[in-house]
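Me: I'm new to this one. Can you put the structure up and walk me through it?

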Amino acid sequence: METSAQNYKPISALKDESFDAQAVSQYHLALEISPTGLCFAVLDWERNKYLLFENYSFQKSLAGEHLLAEIKSIIYQSSYQTKHFKSISISFFTPKFTLIPIALYEADLTDKYLAFNTPLLETESILTDNIKSFDTQCVYALDKNLVIALLELFPGAKLFHVLSPLLEILSSSFKNVSGKNVIIHLQQGHFELIVIEEKKLIFANIFSYQTSEDFLYYLLFVCEQLKINPEVIELQLLGEVEKHSAIFSILTKYVRHIKFGKRPDAFSYSYVFDNTPSHFYFNLFSQALCV
């Protein structure tokens, strides 16, 4: 496959001066891929410190060979020796997923679990993640050629559905918190909505949205179905949402107690991240805890 001729420039790029492109054998590379963009971060395992971050946005939502071409274009233009990282993880956004309790899960039925919820294509691979903290299996579909190409680019990479590391880390964060806890992880064009109660996963889903009204509708609908009063809950916000955004503004009209989360405290972060809100890219920074 030919790669895109477009020379991508990151919409944001952060690099600590101590980052050494010749020393990637001691680094972890975490990538997050969606139809609308790609971002990655580099963690120095020896210092347990994030040193580098880049974020790219596609001009339009992409799938299949077009998505793969743009990913390759970005990777090839980087100067990093991708095959030499000590460890690599990649998370994907795909709406084709389902969660199955381990007690009910049978590996031979994986395709059927997913086909019950969404139409599958012959060009798709079915993958699974074991979310140990919630005794749950995440079953999801990705373009087969995309999976093959990424594993050629990044041999030995650990692949995740975007929900899997998020749920693993949130389980630990809320293990001693009582009552129903509502967490939203928001990214461009979609958000993950999770409800945890007394160490149990009550609800987890991904919603696509175009407007702040779309976003609010899905949140209030889930609250109604789960008998959650948005006026009394404390809602934790993660991901790329700012206080002056339309989404935050409309949210404050219906949810009284809103708290921004923070990136995982298991790691340290270069000073170059000081001006990045601490709840941004939570899922990306969490991946290294799951490899």
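Reply: First a definition: a crossing is left-handed if the near helix is turned anticlockwise from the far one by less than a right angle, and right-handed if clockwise. The model is predicted, so local features need pLDDT of at least 70 and side-chain atom pairs 80 or more, while totals for chains, interfaces and linings use all residues. Residues are numbered from 1 along each chain as its sequence is written, and side-chain values use heavy atoms, leaving out hydrogens and water.

Me: Which hand is the crossing of H1 and H3?

Reply: Right-handed.

Me: At what angle do the axes of H1 and H3 cross?

Reply: Roughly 15 degrees, with the axes of H1 (residues 64–77) and H3 (residues 144–153) coming within 10 Å. That makes the two helices roughly parallel, a label for angles under 35 degrees.

Me: Which residues in H3 meet H1?

Reply: Asn145, Leu146, Ala149, Leu150 and Leu153. Among their partners in H1 are Leu67, Ile71 and Tyr76; contact means heavy atoms within 4.5 Å.

Me: Is Leu193 buried or exposed?

Reply: Buried, at 0% relative accessibility; buried means under 20% relative accessible area (1.4 Å probe, protein chains only), exposed over 50%, partly exposed in between. Leu193 lies in strand S11 (residues 190–197).

Technical notes: Axes fitted to C-alpha atoms, helices over the stretch in contact; angles between N-to-C directions. Helix = DSSP H or I, 4+ residues; strand = E, 2+ residues; numbered from the N terminus. Parallel < 35°, antiparallel > 145°, perpendicular 65-115°, else oblique.
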